[in-house]
Amino acid sequence: ESDARQADLYLHCQGCPDWLPQSNPACTSASAPCVCAAWELGCVGEVHMVVGCPAGIPNYRKGFDVYDASTGIKEDISKVVIKDGEVMPGWTDEDQPSKASGRAVVPGGVKTALFYLMISDEPTGLSKSQAIDEPDVFTDETDVLTVTVGGTSAQGGTVTADEMLTLELDFHCRKDGLANVHVEISFRNQYYPADYAFTYQCG
């Protein structure tokens with residue numbers, strides 16, 4: 001984000017009763033009526049609070065990559081799914097499953113997809129080891145497809161520059177149709193999750 005954000009909060013209340021003094025030292029004649037010392041039934045005519053938020057700084061996990069090893073997608077779709085923690089074209093999330101040009105589509109003949117989770121050995125200034133949580137894998141079209149998760153990353157773990165982890169997805173069609181499959185890999189709340197999606201074609 002190029003511009004800092006601002007949050008404005010207004011509270012509109014009943015005001016203080018005559019018998020309770022307004023004892024907040026921050027009160028001035030310009031700001032009165034101000035906050036009562038204690039009163040559960042009312043407060044100030046209006047309170048305006050402004051919270052300034054710094055401009056957003058991307059926090060992707062540099063050096064973390066995901067490679068598609070066996071989905072059977074078209075050759076014009078990148079086999080690199082995640083690069084430096086960011087999703088690559090063709091693997092972005094979509095509201096509806098589709099076979100649109102440029103979209104990663106796994107054909108129904110592929111019953112298991114294999115992805116490699118890796119840490120680059122190139123200099124990034126970060127550790128060559130990264131703990132990950134259990135991958136979150138799901139589909140919106142549960143009437144079309146069920147996905148089960150396996151591989152060495154299925155319960156979470158640690159990926160290093162010397163040892164990659166695998167993510168295996170087994171597909172079980174319930175009927176013919178298209179289904180979006182979503183994958184999210186999080187890093188113990190250290191970085192933005194690395195997430196990607198693709199279409200699976202049943203039938």
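Is Asp133 buried, exposed or partly exposed? I looked it up, and at 24% relative accessibility Asp133 counts as partly exposed. My cut-offs: buried is under 20% relative accessible area, exposed is over 50%, and partly exposed is in between, with a 1.4 Å probe and protein chains only.

**Ground rules**

I am working with a predicted model, where local features need pLDDT of at least 70, side-chain atom pairs count only at pLDDT 80 or more, and totals for chains, interfaces and linings use all residues. Residues are numbered from 1 along each chain as its sequence is written, and side-chain values use heavy atoms, with hydrogens and water left out. Strands (E, at least two residues) and helices (H or I, at least four) are DSSP runs, numbered from the N terminus.

**Entry: salt bridges**

I took a salt bridge to be a side-chain nitrogen of Lys or Arg within 4 Å of a carboxyl oxygen of Asp or Glu. That rule gave me five salt bridges.

I began with Asp133, which forms one with Arg188, the closest N and O atoms being 3.0 Å apart. Asp133 is in the loop between β8 (129–132) and β9 (136–139), and Arg188 is in the loop between β13 and β14, so this pair ties together parts that are 55 residues apart in sequence. Arg188 is partly exposed, at 45%.

Next I checked Asp65 and Lys83, whose closest N and O atoms are 3.6 Å apart in their salt bridge. Asp65 belongs to strand β3 and Lys83 to strand β4, so the link joins parts that are 18 residues apart in sequence. Asp65 is buried at 10% relative accessibility, while Lys83 is partly exposed at 35%.

Glu94 and Arg103 also meet in a salt bridge, at 3.8 Å from N to O. Here Glu94 is partly exposed at 27%, and Arg103 is buried at 3%.

**Entry: the sheets**

I counted two strands as paired if DSSP finds at least two bridges between them. Leu114 stands opposite Glu168 in β12.

Another open sheet has four strands in the order β6-β14-β13-β9, with mixed pairing. Its edge strands are β6 (105–106) and β9, each pairing on one side only. β9 and β13 run antiparallel over four bridges, and Thr139 stands opposite Val181 in β13.

**Entry: the core**

Which residues touch the most other members of the largest nonpolar core? Of its 35 residues, they are Phe64, Phe115, Phe171, Tyr196 and Phe198. Such a core is a set of buried Ala, Val, Leu, Ile, Met, Phe, Trp, Tyr and Cys residues joined through side-chain atoms within 4.5 Å. The elements giving it two or more residues include β3 (64–68), β7 (112–119) and β12 (165–173). β14 supplies the largest share, five residues.

I then listed contacts, meaning heavy atoms within 4.5 Å.

**Entry: Ser120**

Last, I looked at Ser120, in the loop between β7 and β8. At 14% relative accessibility, Ser120 is buried. Leaving aside neighbours within four places in sequence, Ser120 contacts Gly63, Asp65, Lys128 and Ala161.
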